[in-house]
Amino acid sequence: MQATETDTRSGNGTGEPSRIPVVLTINGTERRLEVEPWTTLLDLLRERLDLTGSKKGCDHGQCGACTVLVDDRRVNACLTLAVMLDGASVTTVEGLAQDGQLHPVQDAFVEHDAFQCGYCTPGQICSAVGLLKEGRAQSDDEIRELMSGNLCRCGAYVNIVAAVRQVMDGTGAGR
Amino acid sequence: MNRFSYVRPDAVAAAVRERASDPGARFIAGGTNLLDLMKYDVEAPSRLIDITRLPLRDIQEIDGGLRIGALVPNSDLAYDPRIEERYPLLASAILAGASPQLRNMATTGGNLLQRTRCVYFYDTATPCNKRTPGSGCSAIGGINRQHAILGASEHCIATNPSDMGVALAALRANVRVAGPDGERTIPFSEFHRLPGDEPQRDNNLAADELILSVDLPAEHFAANYTYLKLRERLSYAFALVSVAAALRLEDGKIAEARLALGGVAHKPWRDEEAEELLRGQPAERASFEQAALRILSGARGFGENDFKIELARRAIVRALEQAAAGTPQSQSDKRVQ
């Protein structure tokens with residue numbers, strides 16, 4: 001067969017765990033890494049790259065705390081295998097600010113006090129950035145529906161919707 | 001998660017050969033269900049065959065219908081202008097399911113292969129005939145609010161959790177698959193199975209077959225349709241009961257009707273006799289009540305889910321009324337437009 005260089009069938013419980021080379025662009029920086037096939041993107045970010053902004057809440061795709069952008073699309077990093085992303089571009093909450101200036105969504109979250117404990121906030125912010133790129137939400141109902149993959153146990157939803165709406169409408173005090 | 005080897009073929013034939021050579025191997029694409037199950041040790045594949053680089057990402061015109069590549073993500077499919085215009089029932093059903101993140105990841109083929117969300121299937125400490133054949137069914141006499149009211153067996157009362165699949169059943173889609181001996185096409189209604197005495201088998205796909213595409217026939221039902229989903233909260237929850245309804249109306253009468261239910265059986269539930277009952281009838285409540293009684297005629301509850309029989313009856317009537325009125329269910333504000 002025409003397998004790629006990532007054919008590592010020796011890695012299943014026989015001998016040393018195999019590591020597979022991947023190239024990922026993470027927050028604008030190209031990283032050449034070797035990963036075990038069972039390493040999720042979330043564990044790679046948090047445990048190996050010290051990018052602990054993305055949070056592990058449920059680790060099953062139910063809470064959204066791990067939301068990051070892969071090739072500009074929001075996804076659950078906990079349900080993504082890093083090895084499958086070879087060649088992809090990943091943006092985490094750490095990569096949103098530019099030149100020391102917070103991203104408009106980050107500014108809006110501060111302005112609207114759109115959090116309490118803050119644990120879900122990186123995922124909320126990345127999800128909102130993804131939602132704004134998608135451009136499909138118009139009303140508050142649509143913001144709520146299209147942010148439903150991000151749970152906030154503190155219940156800051158009202159302010160989260162207000163923050164997203166502000167950026168959507170371009171009415172913020174920020175950029 | 002267990003340890004496994006990983007391979008990333010770049011051709012369908014190579015992927016099928018990989019699968020055929022190792023019974024413990026699994027295909028992976030979106031991974032939203034498989035990785036979840038692996039984290040619970042419900043699945044422990046020896047090898048993952050990454051199919052995301054296969055050329056199955058296009059939506060193509062075929063015979064007045066559309067051929068949807070198995071790797072088209074749920075979100076791309078739901079927002080494709082051809083789907084929005086010609087198959088809004090399918091778009092609506094997709095947007096009723098999961099979350100935006102999951103829809104960005106999950107694929108068309110993977111949606112068909114997702115496993116039940118029965119709590120006992122996920123809990124390896126409990127008996128489950130689907131997970132461990134012969135161990136028993138914990139849901140019978142257990143927590144079964146989410147479980148089947150139609151087509152269940154003494155071995156399994158799990159439900160198929162898909163929303164997309166309910167619309168595909170109503171639209172009479174076909175599933176094109178490839179195996180070692182070539183390609184074949186499976187009508188959607190024959191793709192998934194009832195549990196019977198082999199609940200471990202969700203569908204009729206052979207172990208070494210790969211889904212290539214889901215093919216939509218020419219008939220669209222773009223004017224009179226609805227996807228009504230009833231669940232424990234307004235978003236991001238599996239259906240207690242869902243209804244895909246589609247009508248073609250001529251002079252106030254029903255020329256063609258399609259009706260499928262989700263959340264009530266081991267497969268998206270269709271009943272051709274219920275659809276036939278509606279043909280030629282006036283598009284009004286009395287007709288819809290008859291169809292609802294027909295499609296639910298074999299319904300049976302298991303305690304906690306008894307309420308679903310009456311819930312389904314009312315949901316079917318409401319969905320058909322929405323379809324007849326041309327007021328499809330909104331998937332964002334949940335109000336009838």
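Below are notes on the interface, one histidine and some salt bridges.

This is a predicted model, in which local features need pLDDT of at least 70 and side-chain atom pairs count only at pLDDT 80 or more, while totals for chains, interfaces and linings use all residues. Residues are numbered from 1 along each chain as its sequence is written, chains are lettered from A and ligands numbered from 1 in the order in which they are written, and side-chain values use heavy atoms, with hydrogens and water left out.

**Where chain A meets chain B**

- Chain A brings 43 residues to the contact and chain B brings 48 (contact means heavy atoms within 4.5 Å).
- Together the two chains bury about 3800 Å², with 52% of that on carbon and sulfur atoms (buried area is the accessible area, taken with a 1.4 Å probe, that two parts lose on being put together, summed over both).
- On the chain A side, A:Trp38, A:Leu79 and A:Met84 lose the most area to chain B, together 18% of what that side buries.
- Four salt bridges cross this interface (a side-chain nitrogen of Lys or Arg within 4 Å of a carboxyl oxygen of Asp or Glu).
- B:Lys334 pairs with A:Glu145 in a salt bridge, with their closest N and O atoms 2.5 Å apart.

**A look at B:His266**

- You'll find B:His266 in the loop between strand S11 (253-262) and strand S12 (269-270) of chain B (strands are DSSP runs of E, at least two residues, numbered from the N terminus).
- B:His266 counts as buried, at 5% relative accessibility (buried means under 20% relative accessible area, exposed over 50%, and partly exposed in between, with a 1.4 Å probe and protein chains only).
- B:Thr116 sits 150 residues away along the chain, yet its C-alpha atom is 8.2 Å from that of B:His266.
- The B:His266 side chain makes a 2.6 Å polar contact with the side chain of B:Lys130 (a pair of N or O atoms within 3.5 Å; within protein, one must be able to donate a hydrogen and the other to accept it, and residues adjacent in sequence count only if both atoms are side-chain atoms).
- That B:His266 side chain also reaches the backbone oxygen of B:Arg193, at 2.6 Å.

**Salt bridges**

- Over all chains, the structure holds 44 salt bridges.
- One joins B:Arg176 and B:Glu183 at 3.1 Å, N to O; B:Arg176 is buried at 15%, whereas B:Glu183 is exposed at 55%.
- A network of salt bridges links B:Glu219, B:Arg248, B:Glu250, B:Glu256, B:Arg258, B:Glu276 and B:Arg279.

Definitions and conventions. Helix = DSSP H or I, 4+ residues; strand = E, 2+ residues; numbered from the N terminus.
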